[in-house]
Amino acid sequence: MKLFYFILFLFIFTFSSSYGASQDCDYATSNIGYVKNQTKKALSMKDLQMTRFYTFKALTALEKSKNNIAECGCEEASDSALENIEYLKNATKATSLAGARILLNKALLYSVESLEAIANHDEHGSIYGSDNLIMNVTSSKKEETMAFLDNTKIRQRIDTSLLKYKTSLDKVINTVDCTEARAFAQNIYENCEQELLKPHLSESKKYYNLKTKEITEKALDRLGNCGRK
């Protein structure tokens, strides 16, 4: 009987560890995506000061995201992020637009590398290996199980509440002028991005903002290019 419960717990713990790591990777992907977009904005600027402005935004966001990327467990993404930080730092010190763009293009490549590494994370391993699993199983079985079950209930409640948000957003898209609807959705999307960059956000708030961002991103895709400058 004890063996049965141990195997049952091992299954739950393995699933929860995998699910937690996957969620951490979703947060990291969101943040790196923001860094990538700010880097692209910096590259699109024709003024050195504005280039620096968006470069600083990308750099600050990436610095704040280091823990999220590390928690994902993808060493390749972490290594690319560290390289990215160095290129962004150097880009803020560039004395010419051409020099800044050379560095920013390299930084952009590292953002893409980080995103690709996370997307292929399952194929090249994780820091959440079997030794780590065994260590945690033997040290805190009951606590880990309860934490997983609590997080699952919280996420289920958030998912339910966001069904109402999705319905409201669909109504806005179907009844409001396209340009106004895009501005409304874009504002929510950007607010979620900013929230996800906060280093000490609770798990429930991270999950809420990530899922809200995903719903809003699909709405923005439906709206197409209306209202874009």
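**View 1. The protein chain is built from eight helices and zero strands.** Welcome to the overview: this is a predicted model, in which local features need pLDDT of at least 70 and side-chain atom pairs count only at pLDDT 80 or more, while totals for chains, interfaces and linings use all residues. Residues are numbered from 1 along each chain as its sequence is written, and side-chain values use heavy atoms, with hydrogens and water left out. From the N terminus on, the elements run α-α-α-α-α-α-α-α; helices (H or I, at least four residues) and strands (E, at least two) are DSSP runs, numbered from the N terminus. Of the 229 residues, 38% are buried, where buried means under 20% relative accessible area, exposed over 50% and partly exposed in between (1.4 Å probe, protein chains only). Among contacts between residues at least 6 apart in sequence, 78% join residues at least 24 apart; contact means heavy atoms within 4.5 Å.

**View 2. Helix α2 (residues 48-72) packs against helix α3 (residues 75-92).** Their axes come within 9 Å and cross at roughly 155°; axes are lines fitted to C-alpha atoms, for helices over the stretch in contact, and angles run from 0 to 180 degrees between N-to-C directions. The two helices are therefore roughly antiparallel to each other (angles under 35 degrees count as roughly parallel, over 145 as roughly antiparallel, 65 to 115 as roughly perpendicular and the rest as oblique). On the α2 side, the contact includes R52, F56, L59 and E63, and among the α3 residues that take part are A81, L82, I85 and K89. By class, the contact of α2 with α3 holds 12 nonpolar, four polar and four charged residues. Here Ala, Val, Leu, Ile, Met, Phe, Trp, Tyr, Cys and Pro count as nonpolar, Asp, Glu, Lys and Arg as charged, and the others, Gly among them, as polar.

**View 3. Helix α2 also packs with helix α4 (residues 97-119).** The angle is about 25°, with the axes 12 Å apart, and that makes α2 roughly parallel to α4. From α2 come L48, T51, T55 and C72, which meet L97, A100, L104 and I118 of α4. Six nonpolar and two polar residues make up the contact of α2 with α4, with no charged residues.

**View 4. F53 and Y54 form an aromatic pair.** A search of the whole structure finds two aromatic pairs. The F53 and Y54 pair is edge-to-face, at 5.0 Å centre to centre and 80° between the planes. Rings of Phe, Tyr and Trp (its six-membered ring) pair if their centres lie within 6.5 Å; planes under 30 degrees apart count as stacked, over 60 as edge-to-face and the rest as tilted. F53 is partly exposed, with a relative accessible area of 43%, whereas Y54 is buried at 16%.

**View 5. S111 lies in helix α4.** This serine is buried, with a relative accessible area of 0%. Not counting residues up to four places away in sequence, S111 touches I32, V35, K36 and N84.

**View 6. L163 lies in helix α6 (residues 141-175).** L163 and T212 are 49 residues apart in sequence and 10.0 Å apart in space, C-alpha to C-alpha.
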